[in-house]
Amino acid sequence: MKQIRIGTLVNGGDAERVLPQIIPLGFESFSLTFWQTTGKTDLSEQAKRIKELLAPHNIVISSLGVFGNPLTGTGDDADTLASWERLIDHAEAFGTGLVAGFTGRVPGSIDKSIPRFAEVFGELAKRAEDRGVRLAFENCDMGGTWQDGPYNIAHNPTAWEMMFNAVPAANIGLQWEPCHQMVSLIDPIPQLRKWVGKIFNVHGKDATIAWDVVREYGIHGPQEFVWHRTPGFGDSNWTDIISILRQGGYEGSIDIEGWHDPVYKDELEMTGQVHALNYLKRSRGGDFVPNPT
């Protein structure tokens, strides 16, 4: 089994400035992400330059991502669907076989979004399959519920079942993390055991739940009851998570999604991320050590 790499997310439009600064920190993979559109980025040229940056190091691009609403194609999301297509077409140039993002959604309930999801991602899945690429959906609700929301339907396991039934393609799956499930008070461990075969990429993000607040005030009052956390500072046991991933045959990466922790932020951002990097490396058992021959 291949070693599970530990990496981090990097803004795709700023990658060539940021990567030289963080390569020495010990990350083993980078996930390049764009918000709503790849914009004016020349992906062919960027892929060449990033490959040159990474060539002296044992570092890979684990995935490319665009996070917007590809189902509506309006306003700031007008280019999101075309950006999915571009990233699928350029994935090989970056050395990755994975493109990720939100599913998008149409106004109204998740049920109403499924036909449009099937139409859009049925075609994208075929395009990706022709290029040897897999597609993964992040499980963030983006403030949405079952009844309505702006960006994503892939934040609940019932929705996953509906999505994968609507598009029964082997090359579509999940970009999973425990945090977004914990925010909904879902226990991520039994969920991970059930869905590990459909998980193509893992975001390294955790959560802390204040159960005393939940028990006293519930979840609809003014009191905060949950916080997104960098791994190593939250409630999850990542040794258990990585063990389940290994048992399920997972060979991808865990890419830290920073910039959310309420404590390790601002000038402490990279302090928290490097702590998470080292914590996750320990949680996977440390560096690979070959057996005696």
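K194 counts as exposed, at 59% relative accessibility, where exposed means over 50% relative accessible area, buried under 20% and partly exposed in between, with a 1.4 Å probe and protein chains only. The model described here is predicted, with local features requiring pLDDT of at least 70 and side-chain atom pairs counted only at pLDDT 80 or more, whereas totals for chains, interfaces and linings use all residues. Residues are numbered from 1 along each chain as its sequence is written, and side-chain values use heavy atoms, with hydrogens and water left out.

The partner of K194 is E161, with which K194 forms a salt bridge whose closest N and O atoms are 3.6 Å apart; the term denotes a side-chain nitrogen of Lys or Arg within 4 Å of a carboxyl oxygen of Asp or Glu. Since E161 lies in helix α5 (residues 157-166) and K194 in helix α7 (residues 188-195), the pair ties together parts that are 33 residues apart in sequence; helices (H or I, at least four residues) and strands (E, at least two) are DSSP runs, numbered from the N terminus. E161 itself counts as partly exposed, at 37% relative accessibility. The structure holds 13 salt bridges, including that between the side chains of E177 and K205, at 3.0 Å from N to O. E177 is located in the loop between β6 (172-176) and α6 (178-183), and K205 in the loop between β7 and β8 (206-209), so this pair joins parts that are 28 residues apart in sequence. Both residues are buried, E177 with a relative accessible area of 0% and K205 at 0% relative accessibility. A further salt bridge, between D14 and R17, has an N to O distance of 2.5 Å; here D14 is partly exposed at 24%, while R17 is exposed at 52%.

Aromatic pairs, defined for rings of Phe, Tyr and Trp (its six-membered ring) with centres within 6.5 Å and classed as stacked for planes under 30 degrees apart, edge-to-face for over 60 and tilted for the rest, number 12 in a search of the whole structure. The rings of W84 and F121 have centres 5.1 Å apart and planes at 85°, so the pair is edge-to-face. Because W84 lies in helix α3 (residues 80-94) and F121 in helix α4 (residues 110-130), this pair ties together parts that are 37 residues apart in sequence. W84 is buried at 0% relative accessibility, and F121 is buried with a relative accessible area of 0%. In contrast to this geometry, F233 and Y264 form a stacked pair, at 4.0 Å centre to centre and 15° between the planes. W35, F67, F102 and Y151 form one aromatic cluster. Charges also sit over rings, a term that requires NZ of Lys or CZ of Arg within 6 Å of the ring centre and within 35 degrees of the ring normal: the charged end of R134 is 4.0 Å from the ring centre of F200, and K198 lies over the face of F164 at 4.5 Å from the ring centre.

Strand β10 (residues 253-256) is covered on both faces, with S253 and D255 buried on one side and I254 and I256 buried on the other. Strand β10 pairs in the parallel sense with β1 (residues 5-11) over 4 bridges and with β7 (residues 199-204) over 3 bridges, pairing being assigned if DSSP finds at least two bridges between two strands. R5 stands opposite S253 in β10, and V202 stands opposite I254.
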